[in-house]
Amino acid sequence: FHLSHKVTRVVPESALLIVLGLFLGGIIWAADHIASFALTPTVFFFYLLPPIVLDAGYFMPNRLFFGNLGSILLYAVIGTVWNAATTGLSLYGVYQTGIMGHLNTGLLDFLLFGSLIAAVDPVAVLAVFEEVHVNEVLFIIVFGESLLNDAVTVVLYNVFESFVTIGQENVTGTQCVKGIVSFFVVSLGGTLVGIFFAFLLSLVSRFTKHVRIIEPGFVFIISYLSYLTAEMLSLSAILAITFCGICCQKYVKANISEQSSTTVRYTMKMMASGAETIIFMFLGISAVNPDIWTWNTAFILLTLVFISVYRVIGVVLQTWILNHYRMVQLEIIDQVVMSYGGLRGAVAFALVVLLDVNKVREKNLFVSTTIIVVFFTVIFQGLTIKPLVQWLKVKKTEHREPKLNEKLHGRAFDHILSAIEDISGQIGHNYLRDKWTNFDRKFLSKVLMRRSAQKSRDQILNVFHELNLKDAI
């Protein structure tokens with residue numbers, strides 16, 4: 001793929017891998033007449049997803065992420081619940097008219113399907129958006145939403161699955177309240193587990209001065225432990241490993257040596273890239289299996305229509321609310337790209353394969369529809385998003401290191417804005433960031449960073465070191 005730039009410039013790698021997977025699946029099927037390879041949920045959730053999410057968390061631009069956290073959370077939580085509920089209820093409403101024929105399902109089955117098809121996939125989004133180079137704010141909102149949205153989707157899916165297990169007639173108001181409470185417990189619990197392991201990893205990396213060779217090992221093992229611990233406690237494992245990566249990066253990068261840092265960066269990127277390749281290949285291979293296909297034209301077409309329409313409505317409504325509170329407004333063009341960037345992927349597929357055919361009678365129809373949705377969004381939307389971004393003239397990102405002057409002005413503005421918020425008695429994110437920076441400098445950095453790293457973080461020394469380095473080069 002990478003040798004032919006003409007192909008990769010037009011077709012996203014994820015789409016090429018799916019097509020290659022279909023081709024390989026066809027060869028396997030022709031040889032054996034059984035689908036001997038499939039993407040199983042266990043392999044996906046325990047081995048393929050963690051490296052991708054850890055890579056996303058560890059290399060997350062923290063300032064951008066936390067600066068837009070309110071917007072990201074609104075799209076990820078409210079947006080996902082909106083997409084899941086509206087898709088499920090609309091499909092159920094249409095089913096009642098009799099257009100879909102007879103299906104052996106109830107309202108809860110439709111809501112369960114709505115919850116899993118609402119999973120916007122960070123793997124697919126990353127694969128497409130990194131090639132498009134949209135501006136940082138738009139990228140962080142779409143990417144952050146897809147990352148946190150996965151965690152929300154898995155929690156929603158578990159709630160509806162438990163409702164299906166106990167039966168529609170047994171679902172009472174109390175069960176619904178328990179479902180809502182469990183949603184917050186699972187999400188916040190997963191986040192706290194991630195933060196705990198991030199601090200543990202930072203503390204461990206402080207004392208590895210004499211064992212430099214195994215520093216990268218600690219980064220991978222402790223991060224993976226956060227995922228497994230959250231999974232063991234029935235909390236959100238995706239949120240755990242995401243926040244473990246986000247919260248430890250600053251201290252770990254300061255503590256470990258330059259060689260270890262390079263090793264961590266390249267190993268993490270290689271593992272994430274390998275996992276992405278395997279996932280998209282297996283999505284193609286898994287589809288070549290006549291046993292899982294059940295066709296219902298009305299159901300499949302309406303699912304595609306509803307997920308697209310409700311995503312647009314959700315994005316427009318939420319952005320209209322957000323723009324009253326945001327300094328940097330999200331323009332109409334940004335909203336078009338965000339609506340179009342709702343690519344579905346392996347998370348939805350893994351969740352639909354997890355369904356128990358004894359509880360959900362129409363499992364095969366749900367699996368077939370999910371595969372069609374994934375292929376449509378990754379291949380069709382993935383192919384057309386680049387021309388769309390160019391046609392709409394979406395603001396692109398500039399990859400360059402800010403000049404010393406820009407850094408100084410940025411720092412001065414930060415202090416001025418937090419001072420204005422302090423004087424006016426408003427608690428905005430500049431004020432909160434200033435308070436957190438002070439707390440970090442006085443307490444956290446002293447506990448989690450080794451002495452030499454604290455000294456080298458002095459800003460003036462840092463600039464002096466950079467200038468000397470440039471001269472030497």
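Me: Is the crossing of helix 5 and helix 8 left-handed or right-handed?
Reply: This is a predicted model, where local features need pLDDT of at least 70, side-chain atom pairs count only at pLDDT 80 or more, and totals for chains, interfaces and linings use all residues. Residues are numbered from 1 along each chain as its sequence is written, and side-chain values use heavy atoms, without hydrogens and water. A crossing is right-handed if the near helix is turned clockwise from the far one by less than a right angle, left-handed if anticlockwise. Helix 5 passes helix 8 in a crossing that is right-handed.

Me: At what angle do helix 5 and helix 8 pack?
Reply: Helices are DSSP runs (H or I, at least four residues), numbered from the N terminus. Axes are lines fitted to C-alpha atoms over the stretch in contact, with angles from 0 to 180 degrees between N-to-C directions. Helix 5 (residues 69-97) and helix 8 (residues 136-166) have axes 8 Å apart, at an angle of about 45 degrees.

Me: Which term describes helix 5 relative to helix 8?
Reply: Under 35 degrees is roughly parallel, over 145 roughly antiparallel, 65 to 115 roughly perpendicular, the rest oblique. The angle is about 45 degrees. Helix 5 is therefore oblique.

Me: How much area do domain 1 and domain 2 bury between them?
Reply: An automatic or database domain assignment gives domain 1 (11-392) and domain 2 (404-472). Buried area is the accessible area (1.4 Å probe) that two parts lose on being put together, summed over both. Carbon and sulfur atoms carry 49% of it, and the total is about 1,300 Å².

Notes. Helix = DSSP H or I, 4+ residues; strand = E, 2+ residues; numbered from the N terminus.
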